[in-house]
Amino acid sequence: MKPAAIVISATLALVLGIAGCGGSDQKTYKVKDPETGNTVEVQTSSNNQTMTITGEDENGAPVSVTVTEGYQEGALPDWLPLYPGANVESAMTGGPAGEQGALVSFTVDDSPSDVAAFYAEKVKAAGVVEMMQASAGETIMLGGELPDGSGVSLSFNPDGEGGTYASVTYVGKP
């Protein structure tokens, strides 16, 4: 599935979802890529809090991405928990068959350095073989690869009010 098809599908789903506000039915839309002829299906939940986009990658393998309002348990692996007291801003899960992927963005009252220290400990305990850490001012970024090839990328930015805006990304084996 091409990134452009995902963006077009997501935009269409959001526009159609907004236009259909007030209804209580689950909606399903199909979008055809004019270049490839591939079809992407977009489903919105009856409460408009979940949107799932499904299609195929360039090799014909199924790919699915789900965007939710709020955090759903199991989006991140057990060794990479949601930070205590986190207020989830957005969450996306999905990936190709046989892989798990998640992007969770949240705010928390603790400082970027405190949140980064929490996750650095979790990532090291999971057995990261390669760890990267970078900082610019109060912003801290961590990344690493596990022995099974799974990867994690984390970013912690000051939110301007003494807290942190964080982004946690994981791609790997379920």
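Predicted model: local features only at pLDDT ≥ 70, side-chain atom pairs only at ≥ 80, totals over all residues.
1. The side chain of Glu-41 meets that of Lys-30 in a salt bridge, with 3.7 Å from N to O. This pair joins distant parts of the chain, as Glu-41 belongs to strand 2 (residues 39-44) and Lys-30 to strand 1 (residues 27-32), 11 residues apart. The structure holds 1 salt bridge. Side chains of opposite charge can pair when their charged atoms come close.

2. Is Lys-30 buried or exposed? Lys-30 counts as exposed because its relative accessibility is 60%, and the cut-off for that class is over 50%.

3. Ser-167 lies in strand 10 (residues 164-172) and is buried, with a relative accessible area of 19%. Leaving aside residues up to four places away in sequence, Ser-167 touches Leu-103, Val-104, Ser-105, Ser-153, Leu-154 and Ser-155.

4. The second largest pocket holds about 180 Å³ of space. Its lining has 15 residues, of which Thr-93, Gly-94, Gly-101, Ala-102 and Leu-103 are the closest to the centre. At least two lining residues come from each of strand 4 (62-68), strand 5 (87-96), strand 6 (100-108) and strand 10, and strand 5 gives the most, with 5 residues.

Methods
Residues numbered from 1 in each chain as written. Heavy atoms only, no water. Salt bridge = Lys/Arg side-chain N within 4 Å of Asp/Glu carboxyl O. Helix = DSSP H or I, 4+ residues; strand = E, 2+ residues; numbered from the N terminus. Buried < 20%, exposed > 50% of the residue type's maximum accessible area, 1.4 Å probe, protein only. Contact = heavy atoms within 4.5 Å. 1 Å grid on protein atoms, 1.4 Å probe; cavity = no way out; pocket = protein on both sides within 12 Å on 5 of 7 lines; lining within 4 Å. Points joined across faces, edges and corners; volume = space filled by probe spheres on them.
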